[in-house]
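Here is my note on the model you sent over. Please read it with the structure open.

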Amino acid sequence: MAASFAAKYGPWAVVAGASEGLGAAFAAAIAARGLNLLLLARRGEVLAQVAEDLRGRYGVQVRAEACDVARPDLADALAALTADIEVGLGVYNAAFAPVGELHERSLDDLLRVVDVNVRAPVIFARTLAPAMVGRGRGGLVLMSSLAGFQGAPNIAAYAASKAFNTTLGESLWSELGPRGVDVAVCCAGAVRTPGYAVAGGGGEAPGTLDAARVAQDALAGLGRGPDIIPGTVNKLARFVLGRLLPRRAAIAIMAGSTRALS
Ligand SMILES: NC(=O)c1ccc[n+]([C@@H]2O[C@H](COP(=O)([O-])OP(=O)(O)OC[C@H]3O[C@@H](n4cnc5c(N)ncnc54)[C@H](OP(=O)(O)O)[C@@H]3O)[C@@H](O)[C@H]2O)c1
């Protein structure tokens, strides 16, 4: 399995937002499949540790680059960082999720959501896709969320940014699939990560999954359809909220979870 994965999506992968949580889990799952890695996140020292660990465990090449994906020159930076490697897989995982009602959050924070969660994935896909299309093979994974399927009070800008990612990824799935490039949007429910632990205050929503499981499901789902929803509870929640209930009821139920975040 690892050999065919590497043949289709290797020899290099880029993971944006790879220093901890789900991004680090993606990096480990990809290294286990034999791909070399370019890891991006802001905290260079933490990222360097992740890279060293993966080199030791899997014997692959791993580059760690401290990079804020909100930087204005992200397109040039990403092009420079990938100029000498053949990138067959891109995972956009980084996100900014400020909690609180929109009218009380600073405008700077809200616009940073747009920079990290909306602008950067567009740049990421636009930078990596052309070479994949040229080779007729490759893969892109965009991390999205069940929160993006309906209104989600207390995380309004974040939820809207995830709706953007879901639609972006589904559109790219249709555009790039016929050109040999698999695109998948991973619409996760709650995942055990440092980010979720802080926002959730230590509590856990029903169906919360380990990061390694979500990364495995997302990578296994490449080439199988536009959307991946890891976990039975989350698939059921999506079905009930998206298909059975009126939208206002779906928003009310989502609010039960998102209003508890802090
Ligand atoms: N956890 C959940 O319950 C959950 C549920 C649904 C969807 N998701 C999605 O899954 C993804 C990962 O979530 P998570 O909980 O693992 O998040 P997290 O614990 O907050 O980690 C986010 C990662 O992104 C990096 N990052 C954040 N801002 C960045 C920036 N401006 N530039 C570069 N890197 C940046 C962080 O590293 P640095 O701090 O070192 O930059 C970290 O490695 C997100 O897209 C999120 O929306 C998560």
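1. Basis. This is a predicted model; local features need pLDDT of at least 70, side-chain atom pairs count only at pLDDT 80 or more, and totals for chains, interfaces and linings use all residues. Residues are numbered from 1 along each chain as its sequence is written.

2. Ligand shell. There are 30 residues around the ligand. A residue is near a molecule if its C-beta atom, placed from the backbone, lies within 6 Å of it. Gly17, Gly21, Arg42, Thr193 and Gly195 come nearest. At least two shell residues come from each of α2 (21-32), β2 (36-41), β5 (138-145) and α7 (194-200). Helices (H or I, at least four residues) and strands (E, at least two) are DSSP runs, numbered from the N terminus. The shell holds 18 nonpolar, 8 polar and 4 charged residues. Here Ala, Val, Leu, Ile, Met, Phe, Trp, Tyr, Cys and Pro count as nonpolar, Asp, Glu, Lys and Arg as charged, and the others, Gly among them, as polar.

3. α2 with α3. α2 packs on helix α3 (residues 44-58) at about 25°, with the axes 10 Å apart. Axes are lines fitted to C-alpha atoms, for helices over the stretch in contact; angles run from 0 to 180 degrees between N-to-C directions. The two helices are therefore roughly parallel (angles under 35 degrees; over 145 is roughly antiparallel, 65 to 115 roughly perpendicular, the rest oblique). Ala24, Ala27, Ala28, Ala31 and Ala32 of α2 meet Val50, Leu54 and Tyr58 of α3. Contact means C-beta atoms, placed from the backbone, within 7 Å. The contact residues are 8 nonpolar, no polar and no charged.

4. α4 with α5. The axes of α4 (residues 74-81) and α5 (residues 107-135) come within 10 Å and cross at roughly 40°. That makes α4 oblique to α5. Leu74, Ala75, Leu78 and Ala79 of α4 face Ala120, Ile123, Phe124 and Thr127 of α5 in the contact. Those residues divide into 7 nonpolar, 1 polar and no charged.

5. Asn234. Asn234 lies in helix α9 (residues 232-244). Is Asn234 buried or exposed? Asn234 is buried, because 22 other C-beta atoms lie within 10 Å. The cut-offs are 20 or more for buried, 12 or fewer for exposed, and partly exposed in between, with C-beta atoms placed from the backbone. Asn234 touches Leu146, Gly189, Gly207 and Ile229, not counting residues up to four places away in sequence.

6. Val240. Helix α9 also holds Val240. Val240 counts as partly exposed, with 13 C-beta neighbours inside 10 Å.

Technical notes. Two residues are in contact if their C-beta atoms, placed from the backbone, lie within 7 Å.
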